[in-house]
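Hi there,

Here is the structure I promised to pass on to you. Please have a look at it first, and then read on for my notes.

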Amino acid sequence: MTRFVLTNGLIFDGRGEPSVGDIAMEDGLVVDVGSGLDGDESIDCTGKLVTPGLFDCHVHFMVDGDFSPNTHADTPFSLRFYLAAERMKRTLLAGVTTVRDAGGSDLGIKEARDLGLIQGPRMQISLTMLSQTGGHGDSWQVSGGHMPGLMDEHPGCPDPIVNGPDEMRKKVRELVRAGADVIKCATSGGVLSTRSNPQHPHFSSDELDTMVAEANAAGLFVMAHAQAAQGIKNAIRAGIRSIEHGIWLDDEAIEMMLEAGTYLVPTLIAPMGVLDAADAGMDLPEPVVNKARAVVRDHRESVGRAIEAGVKIAMGTDSGVSRHGQNMRELGEMAKLGMTPLQVFESSTSIAAELMGIEDEVGTLRPGMAADVVIFSGDDFDVSELGPRVETVIQAGSVVT
Ligand SMILES: [Zn+2]
């Protein structure tokens, strides 16, 4: 068995203060952390920063910064999966070794990765995003047609529309059957759905309670697309594990999150991605662009207050809304809103692993943990321009090429 050692790097092991040392890996796992370690192969990490592989708790591999209806309509069904494979590889090479796919990816994509047929981050998948009629995941259009897109029903992916506790019970069971690792729902409207208002709460408490109970019965957590305060509070009250986006958090919502231990996944670069696309000339409905513009400023203010209050933050980008592979941009944006660089790295490693319930396997560089590692050029913690600094990505003890 080959013993692979990273020597003399500035190691941030996922928690606390960094220190200079060596990491030994064997059979896909970290086996030793210390100094003077030897092995069959080594990489000299002198003057480099060594961290756990990073997490992105909110991606959509089935889209890539192009959500115009024409693109979806003109893409052959099976091509979508080949396109996703390339995006997964791009994400891995960007330094992200674990993701939650927040809607779109199905069990086949995850299994293709697990079988080694394609390369990509370790995955938890939600399959789709449960929405009430007229909610963020409802593709119905005023013309009477359906907008093709991310949440299209197919044999690997149940239809996302659900109303009432009885339907909810069955729907969550269908998702569990189809391979969901986490249940995703929309407890408010959103930006990219023309007819939903992000300010409105979606799903009633009996629907949310049933969703969480059914998910928990299957050992799964629930994540909520939740933009405005009422939808966020309803989600927290129901015991949902993470609030995605959190664009309009008020003081009461922040207090409730602190009390319940709810995580916030900010996705700061997502609305920026929508505006980038509009500026680049993509044909987006005017209401969508207007919503995105209004959102950017409020979003940053809201997340900044949550950070200041001490809400648990887990890194997530909503990549797919923006182009995949730019994940490191999010870390710079988190720092701009008041997080220290070490807090940013914790949110992108150990805290993200806790959110996903896999902190005993990944997210820290300690003996027995998965040997997912990123080596950055330079041994400083400036997170403003991390993307170009990613030198080497190691997944399960093997250098990704
Ligand atoms: Zn999303």
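The buried residues of helix α6 are A229, G231, I232, K233, N234, A235 and I236. Here "buried" means that 20 or more other C-beta atoms lie within 10 Å of the residue's own, "exposed" means 12 or fewer, and "partly exposed" is in between, with C-beta atoms placed from the backbone. With seven of its nine residues buried, α6 (residues 229-237) is largely enclosed by the rest of the structure. The cover over these buried residues includes α5 (205-217), β10 (222-228), β11 (242-248) and α7 (251-260). Just after α6, G239 has a positive phi of about 90 degrees.

Before you go further, please keep in mind that this is a predicted model: local features need pLDDT of at least 70, side-chain atom pairs count only at pLDDT 80 or more, and totals for chains, interfaces and linings use all residues. Residues are numbered from 1 along each chain as its sequence is written.

Now for the overall picture. The chain has twelve helices and 16 strands; these are DSSP runs numbered from the N terminus, with helices (H or I) of at least four residues and strands (E) of at least two. Its radius of gyration is 20 Å, close to the 21 Å that the globule rule gives for 401 residues, so the chain is as compact as a globular protein of that length. That radius is taken over C-alpha atoms, and the rule is 2.2 Å times the number of residues to the power 0.38. The C-alpha trace spans about 65 × 45 × 45 Å along its principal axes, and 54% of the 401 residues count as buried.

Helix α8 (residues 269-279) packs against helix α9 (residues 286-309) at an angle of about 140 degrees, and their axes are 9 Å apart. The axes are lines fitted to C-alpha atoms, for helices over the stretch in contact, and angles run from 0 to 180 degrees between N-to-C directions. The two helices are therefore oblique to each other; under 35 degrees would count as roughly parallel, over 145 as roughly antiparallel, 65 to 115 as roughly perpendicular, and the rest is oblique. On the α8 side, P271, M272, V274, L275 and A278 meet V289, A292, R293, V295, V296 and H299 in α9. Contact here means that the C-beta atoms of two residues, placed from the backbone, lie within 7 Å.

Which residues does T51 touch, leaving aside its neighbours within four places in sequence? They are F12, F345, T349 and V374. T51 is found in strand β5 (residues 48-52), and it counts as buried, with 24 C-beta neighbours inside 10 Å.

Finally, a word on backbone angles. Most residues other than glycine have a negative phi. D318 is not a glycine, yet it has a positive phi of about 65 degrees. You will find D318 in the loop between β13 (312-313) and α10 (329-336), where it counts as buried, with 25 C-beta neighbours inside 10 Å. A396, also not a glycine, has a positive phi of about 50 degrees. A396 lies in the loop between β15 (390-395) and β16 (398-399) and is partly exposed, with 16 other C-beta atoms within 10 Å.

Best wishes
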